[in-house]
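Please read it alongside the sequence and the model shown here.

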Amino acid sequence: MFKKNVMTAFAGVLLVGGLAACGGGDDEADGADNGGGEDGDVSGEITVWGWNVAASSMELAIEGFNEEYPDVEVNVEDIGRIDLYDRLTVGLAAGGSGLPDVTLIETDRIDNYVSEFPDGFLNLSEYGFDEYESEFGESKIQSTQNSDGNFIAAPWDIGPAAVFYRVDLFEEAGVDADSIETWDDFIEAGTVIKDATGSHMVPIDISQDDALYRMMLNQQGAYYFDDEGNIDLTSEESVQAMEKIQELHENELVANVDGWDGTVTATVNGNVATVPFGVWYAGTIMDQAPELEGDWDVFELPAFEEGGNRAANLGGSDLSIISGTDNPDAAYAFVEYFTTNVEPQMAALEEYGIFPSLLSAYDKGYFDEESAFFNNSPVFRTFANMVEDIPGANYTSDYARAFRYASDAQASSLLQGQSPSETLQQAADQLANETGRDVNE
């Protein structure tokens, strides 16, 4: 069974906790204990930054880590997510002053930090992390390596996406979830469910969040940018995704919600029959709607064509080491232990619902356990099975800007009825003007 203390934090974004303690980034590092003695033993003290259940997951790992590295003291401190990023940015701009040894960074932010502070993080490949490359899915590898193919972060959690759905509403409408293979099937089923139950099919914060659009892009092997960093909002895949969302809206299947709280409210009160989201949303549903135990289940994202890819990702985070750390050997030892050993992965999953990206973790029987809350289905196995099929995404340093313009395009397409091809072209042109990037034609 799932444990019911799984995470209830917002969409798929987790960081491990700690305040600055190492004082890295200054000239004193040349004379500091680097954690490696003459006999090769690793020792010293390190600090990790982060917040919430991710920090708690790090705490759970310390005992096992110290069995292998008894002379390393790990200090995990829990600070707020916004504070972490503010302090990380300020510290990196100051050459590393006041930063911790280890921090976790959301996957979609790595490129931005590496672009702005190319010398800010330790090259993990130089410490041997390349040997673990085959132990993670391709999407995680792509997002944690820099343009030279070196690991700048070690993969941790991932957010494979699927469709959470209300079993009782589907049954009331006479719709079989297994019959939904494509987005056209999804829309057809949605009209039947809407007529029978009054529930919309999906919640979308139309003006502020393009999460469904991003999942649709990713499953097609596309994203805001192509592999070379060119703006790809006008691609066939992009237009097709936005057209499908517009079609959902035209059929009155979209509940226009207000942010995260609006999404949760629509989930709890039955205003929507499905929620396409990352695996991390399982914890939110269980926490916020315990009375609906047994009324929820999961199926894979519909494909755009029969037999097409149904795997995508939404969310995730990864561990990085600040280059100014006074104790790189100890910091790397902890990062390596935490991200490449099954035990800390399973502890984080079982206690807090944090889904691992380490492929070997999926061999554990826990993934096949049935959940009474989710219609007695082994839902974690559903998510695990899709990880290796998730296409990579090139977030680039301009991800935040692209997110804003894509959300604007979504609002224009849905609320004003404009052509998706036109709104996405406008978004691409605006993004090009702001970033200097080329637009794919």
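A residue counts as buried under 20% relative accessible area, as exposed over 50%, and as partly exposed in between, with a 1.4 Å probe and protein chains only. This is a predicted model, in which local features need pLDDT of at least 70 and side-chain atom pairs count only at pLDDT 80 or more, while totals for chains, interfaces and linings use all residues. Residues are numbered from 1 along each chain as its sequence is written, and side-chain values use heavy atoms, with hydrogens and water left out. Helices (H or I, at least four residues) and strands (E, at least two) are DSSP runs, numbered from the N terminus.

- Strand β9 (residues 313-321) runs antiparallel to β3 and is joined to it by five bridges, and the bridge partner of T103 in β9 is S320.

**Strand β8 and W296**

- Four of the five residues of β8 are buried, so this strand too is largely enclosed by the rest of the structure.
- Strand β4 (residues 154-166) and β8 run antiparallel and are joined by five bridges, with W296 in β8 as the bridge partner of R166.
- W296 is placed in strand β8 (residues 296-300), and it counts as buried because its relative accessibility is 0%.
- Leaving aside residues up to four places away in sequence, W296 touches F164, Y165, R166, V167, T267, A273, V275, I285, F373, F374 and N375, where contact means heavy atoms within 4.5 Å.
- From C-alpha to C-alpha, W296 and A347 are 24 Å apart in space, and they are 51 residues apart in sequence.

**Helix packing**

- Two packed helices are described by the angle between their axes and the distance between the axes; the axes are lines fitted to C-alpha atoms, for helices over the stretch in contact, and angles run from 0 to 180 degrees between N-to-C directions.
- Helix α1 (residues 52-68) packs with helix α11 (residues 328-340) at an angle of about 110°, with their axes 10 Å apart.
- The helices α1 and α11 are therefore roughly perpendicular to each other, given that 65 to 115 degrees counts as roughly perpendicular, under 35 as roughly parallel, over 145 as roughly antiparallel and the rest as oblique.
- In this pair, S57, M58, A61, G64, F65 and E68 of α1 meet A330, A333, F334, Y337 and F338 of α11.
- By class, the contact of α1 with α11 has eight nonpolar, two polar and one charged residues, where Ala, Val, Leu, Ile, Met, Phe, Trp, Tyr, Cys and Pro count as nonpolar, Asp, Glu, Lys and Arg as charged, and the others, Gly among them, as polar.
- Helix α6 (residues 183-197) and helix α8 (residues 236-250) have axes that come within 10 Å and cross at roughly 10°, which makes α6 roughly parallel to α8.
- W183, D184, F186 and I187 of α6 make the contact with K244, E247 and L248 of α8, and the residues of this contact divide into four nonpolar, no polar and three charged.

**S412 in helix α14**

- S412 lies in helix α14 (residues 399-415) and, at 15% relative accessibility, counts as buried.
- Residues up to four places away in sequence not being counted, S412 touches G417, Q418 and T423.

Key:
Pairing = 2+ DSSP bridges.
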